[in-house]
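Take a look at the chain below. This short report walks through its helices and a few of its residues.

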Amino acid sequence: MTNEELCILAQSGNADAENELIDHLLPSLKALAAKFEAQYSGLQVEADDLLQEGAIGLLRAVHSFLPDKGNLFQTYASRVSENAMMDYVRKCASAVPSTGQMLSLDIEPYNDPDNDESSFYDRLFSEYTKTPEQIYIEKETYEEVHHALDMISPRERTYLRYRYGFDDDLPHDRVETATHFHLSDSRAKSIERTALHSFREELHW
């Protein structure tokens, strides 16, 4: 039985299906927690705490997944769990005194084309925007995103679809994207800045 089929059963109240689904994804969740623990060692976050936050995100993903969107449950659940862990990391970071170590919370490939010290992830999660989870689970917003992509120029649309993994659920960093389209880094940076600006104007962010 596929993860998607198990998810549908879990959403109908089948506890066995939910437990089996969690067992399927637990190894990747543990690996992600270990990665975060190493990446943010300066905050002394522990893998067990990260795993707990990720598991809460996983359970939330089980009940918010929309099978009719055609996406893989594992891809969606991984993103929701990663977001939950990142929220915990940010909570830990907010407790660090301002005179303490400066830490970067960038997650590639969501780097800001205008500022190498911030990230597209950071701006996506600001109080003025919606989270990727909200974009995914709200049908109207999901449709707005794709409508906005359809409204920008073909070149910008093609760039963003590849850059942020709209077609293959696999985001690519700017260097990889530049190589894919045979662009210099400066040219890719320019196109990305313009494309994101056009996209946000259409989306009214």
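A polar contact is a pair of N or O atoms within 3.5 Å; within protein, one must be able to donate a hydrogen and the other to accept it, and residues adjacent in sequence count only if both atoms are side-chain atoms. Asn14 caps the N-terminal end of helix α2, with a side-chain oxygen 3.0 Å from the backbone nitrogen of Asp16.

The model is predicted: local features need pLDDT of at least 70, side-chain atom pairs count only at pLDDT 80 or more, and totals for chains, interfaces and linings use all residues. Residues are numbered from 1 along each chain as its sequence is written, and side-chain values use heavy atoms, leaving out hydrogens and water.

**The whole chain**

The chain has ten helices and two strands. Both kinds of element are DSSP runs, numbered from the N terminus: helices are H or I with at least four residues, strands are E with at least two. The pattern along the sequence is α-α-α-α-β-β-α-α-α-α-α-α. Of the 205 residues, 40% count as buried. Buried means under 20% relative accessible area, exposed means over 50%, and partly exposed lies in between (1.4 Å probe, protein chains only).

**Two helices in numbers**

The expected span of a helix is 1.5 Å times one less than its number of residues.

| Helix | Residues | First to last C-alpha | Expected span |
|---|---|---|---|
| α2 (residues 15–39) | 25 residues | 34 Å | 36 Å |
| α10 (185–203) | 19 residues | 26 Å | 27 Å |

In α2, the span is close to the expected one. The span of α10 is also close to its expected value. The buried residues of α10 include Ala188, Ile191, Ala195 and Phe199.

**A closer look at α2**

Where does α2 bend? The bend is at Leu25, by about 45 degrees, and a proline, Pro27, follows within four residues. Such a bend is the angle between axes fitted to the seven residues ending at a residue and the seven starting there.

Leu25 is buried, at 4% relative accessibility. An α-helix has 3.6 residues a turn, so residues three or four places apart point the same way.

Ala34 also belongs to α2. At 38% relative accessibility, Ala34 is partly exposed. The C-alpha atoms of Ala34 and Val45 are 10.0 Å apart, and eleven residues separate them along the chain.

**α2 meets α3**

Two packed helices are described by the angle between their axes and the distance between the axes. The axes of α2 and α3 (residues 47–64) come within 9 Å and cross at roughly 140 degrees. Axes are lines fitted to C-alpha atoms, for helices over the stretch in contact, and angles run from 0 to 180 degrees between N-to-C directions. The two helices are therefore oblique to each other. Angles under 35 degrees count as roughly parallel, over 145 as roughly antiparallel, 65 to 115 as roughly perpendicular and the rest as oblique.

Ser64 lies in α3. Is Ser64 buried or exposed? Ser64 is buried, at 13% relative accessible area. The Ser64 side chain makes a polar contact of 2.6 Å with the side chain of Tyr76.

**A loop residue**

His182 sits in the loop between α9 (174–180) and α10 (185–203). Phi of His182 is near 60 degrees, a positive value in a residue other than glycine. His182 is exposed, with a relative accessible area of 74%.
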